[in-house]
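Subject: Structure handed over, with notes

Dear colleague,

Below is the structure I promised to pass on to you, followed by a description of what came out of going through it. Please read the notes with the structure open beside them.

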Amino acid sequence: MAETFLDSTELVLNMGPQHPSTHGVLRVIVKLDGEKVLGTECVIGYLHRGVEKIAENRTYTMFAPYVDRIDYIAAVSNGLGYCLAVEKLLNVEAPARAQAVRVILTELNRIGSHLLWLGTHALDIGAITPLFYCMREREYTLDIFEKYCGARLTTHAFRIGGLQYETYEGFEKECLDFCDLFLPKVDEYEELLTGNRIWRERLINVGILNEADCKAFGVTGPMLRAAGCKWDIRKALPYSGYEKYDFEIPTRENGDTYDRYIVRMQEMRQSVRIIRQAVEGLPTGPITAKVPKVIKPPVGEAYVSIEAPKGELGYYIVSDGTTQPYRCRVRPPSFVNLQALDRMSRGSLVADLVAIIGTIDIVLGEVDR
Amino acid sequence: MRTILRKVFLVDLLQGMWVTFRTQHPKNIVTEQYPFERPKVAERYRGAPRLNINPENGQTLCICCDLCALACPEALIVVGWERNPETKRKDLVTFTYDTSRCMFCGLCEDACPVDALELTQDFELASYSREGAIFDRQILEEGIQPKKYVF
Ligand code: SF4
Ligand code: SF4
C-alpha cells in the first residue's frame, strides 16, 4: 500500500467544531489519504455543562428541569427516565393514567426526534426538501407539548410520582388526529427518499457496523436494531406500562446507513400504533401517586434505563438519605453510540463521513452533558 | 427491462418531484408571519412572569411566604418584605425576578400557595441590556412595556 512508504500523502484535518453537519459542536480529527478516511478521533466536551454535578447540589424536584437539557430534542424521554429512577428509589409507582399519558408523550417525542433526525440527515446528504416537511409535522407534536405542559422544547412535563398537569380538553382527539395525519406523511417521506437513486447510492453499504461490533461498543437503539439484534428496552424490560401495548420491533440485517434509515422510519409507524392504543385505552383516575412534599429517598441506589429515541438512556442515582442525590450518573445513548464512529468510517470517503455522523443521530448536549 | 426503463425515465426522481409539486398549493402554506401576525400560544404556556394583583383594590396577592424563591433551582427570585407593625403581617416591598437565568420550568409557579406568581403567555422577553432582563416588582405587576417605535 502506498501509505507505507509515502506518508506525505496522509493529511490530518479538523472537521468541526463549527462544521454545520456535525450537528452541534463536535470536532472530529480525521486522518485522510486523499479522499479516503484512515481514522477519526472525536473531541467532545464543548457543550459540557456539568449536569451530573449540578444534580448533587439540587434537590430531587429541582433537578428535573435540568434533565430536559441533556437531550433537548427528546426532553420528554429524559424527564421520564429521571422520574422513573427517583420513583424506583422511593419505591412508588405512577398511577395508570399518568403512565399512559407518559407513554403518549414519549412516543410523540420519539416521532419528533426521529423527524428532526431525518430532516437534518437528509439535508447533510443533499436532499433539502424533506427538512421542511419533517419540521412541518414535528410542529404538531410540539403543539401538543405546548398545550399540555406549556413549553415546546424543554418541557418539564413529568414530575416525580406522576404528572403535574391533567391533560387539556381535546388532548385525546388531537393525538388521534395527529396519528391519522402522520401515517400518510411517513409514506410521503419514503416516496421522496427510499426509492431515490441518489439517496440509495449515498447510504447503502456506507458505515456498516455489524451486530458483534455494536455489542462490543455498547451501541443501542436503532443502530443496534439495524444490525439485526432485536433489542428494545420497551419490550425487554418494560417500564411505564409498555407491556400493555402491542407493537413490533423493526429490525434489518446489514447494519448500514440505509438500514438505520429504514428502521427509524418503521419505528415512527410503530410509535403511531402505540399512541393510538394508549389514547384509546386512556384510563381515568389520579395522576399522581402519593409522594411526600419533600422528597427524601432512603439510602440506596437505583438504575433505570429506558428506550429513548437514540438508544438506551439510563439514570443511575445514589441516595444518601438527604434531599439531594449523592450522585447522579446519566448513561446517554449518543455518547456511547458516537464511540463507534471510528469503526464505521474507516476506509470510507470524506463525503460519507458526513452521512455516518448523521446516521448515529447524536445530540451534542447529550454527548457532553 | 422495467428497471432500465425506470432508470432512463428517472421515475424515482420524478416521484420525489411530484411530492414537492403536490405541496405547492397555497392551502398548504404553514409558515407563520411572526412579527406581523402574532401566533397564539397555548393557555398553559410558560412565558414572562407576572405577579398578580387583586383586581378589586390593586393590592398584591403575594403573602411573602418565600416559597417560590425556595423552589427555584436557580435561586433567582428575591422577595423583599417588611413586617408591618400594625397588622403584624408581612408587606411586600420588593420582588426581583431575573429572567436571564430563568429556565421557565414552572416550579415557582407550582409552589406559590396563593397563585400570586404566574408565568404568562407573553413570550417577547428580549431586552437591550442584561439589567433589562431583571424584572422588578413594577414590571412584574404591570407586564413588560416595550418601547414603541414609530416608523
Ligand atoms: S421558572 Fe423555574 S427557573 Fe424560572 S424562576 Fe421559576 S422556578 Fe426558577
Ligand atoms: S410563593 Fe407566591 S405568595 Fe409566596 S412569596 Fe412567592 S409569589 Fe409571594
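Chain B exposes about 10900 Å², and carbon and sulfur atoms supply 57% of that surface; please keep in mind here and throughout that this is a predicted model. Buried residues account for 30% of the 151 residues in chain B. Its radius of gyration is 26 Å, whereas a compact globule of 151 residues would have one near 15 Å, and the C-alpha trace of chain B spans about 95 × 40 × 30 Å along its principal axes. Chain B contains five helices and five strands, which follow one another along the sequence in the pattern α-α-β-α-β-β-α-β-β-α. Among its contacts between residues at least 6 apart in sequence, 63% join residues at least 24 apart. As for charge, chain B carries 19 positive and 21 negative side chains, with the centres of the two sets lying 11 Å apart.

Chain A has 16 helices and eight strands. The radius of gyration of chain A is 21 Å, close to the 21 Å that the globule rule gives for 369 residues, so chain A is as compact as a globular protein of that length. Its C-alpha trace spans about 70 × 45 × 35 Å along the principal axes, and 60% of the 369 residues of chain A count as buried. Among the contacts in chain A between residues at least 6 apart in sequence, 71% join residues at least 24 apart. Chain A has 43 positive and 49 negative side chains, and the centres of these two sets are 4 Å apart.

If neighbours within four places in sequence are left aside, the contacts of Tyr261(A) include Trp117(A), Leu118(A), Tyr189(A) and Trp199(A).

Helix H3 of chain A, residues 60-67, is mostly covered, since seven of its eight residues are buried; among them are Tyr60(A), Phe63(A) and Tyr66(A). Within chain A, the buried residues of H3(A) pack against helix H2 (51-56), helix H4 (75-90), strand S7 (311-319) and strand S8 (325-331), and they also pack against helix H3 (67-71) and H4 of chain B.

Finally, two residues deserve a look for their backbone angles. Most residues other than glycine have a negative phi. Asn205(A), although not a glycine, has a positive phi of about 60°; Asn205(A) sits in the loop between helix H8 (197-203) and helix H9 (211-217) of chain A, and at 53% relative accessibility it counts as exposed. Phe104(B), likewise not a glycine, has a positive phi of about 50° and lies in the loop between strand S3 (90-98) and helix H4 (107-111) of chain B. With a relative accessible area of 18%, Phe104(B) is buried.

With best wishes

Key: Residues numbered from 1 in each chain as written. Chains lettered and ligands numbered in written order. Predicted model: local features only at pLDDT ≥ 70, side-chain atom pairs only at ≥ 80, totals over all residues. Heavy atoms only, no water. Contact = heavy atoms within 4.5 Å. Helix = DSSP H or I, 4+ residues; strand = E, 2+ residues; numbered from the N terminus. Rg over C-alpha atoms; globule rule 2.2 N^0.38 Å. Buried < 20%, exposed > 50% of the residue type's maximum accessible area, 1.4 Å probe, protein only. Lys, Arg positive; Asp, Glu negative; His and termini not counted. Charge placed at Lys NZ, Arg CZ, Asp CG, Glu CD. Areas by Shrake-Rupley, 256 points an atom, 1.4 Å probe, with all protein chains shown as cover.
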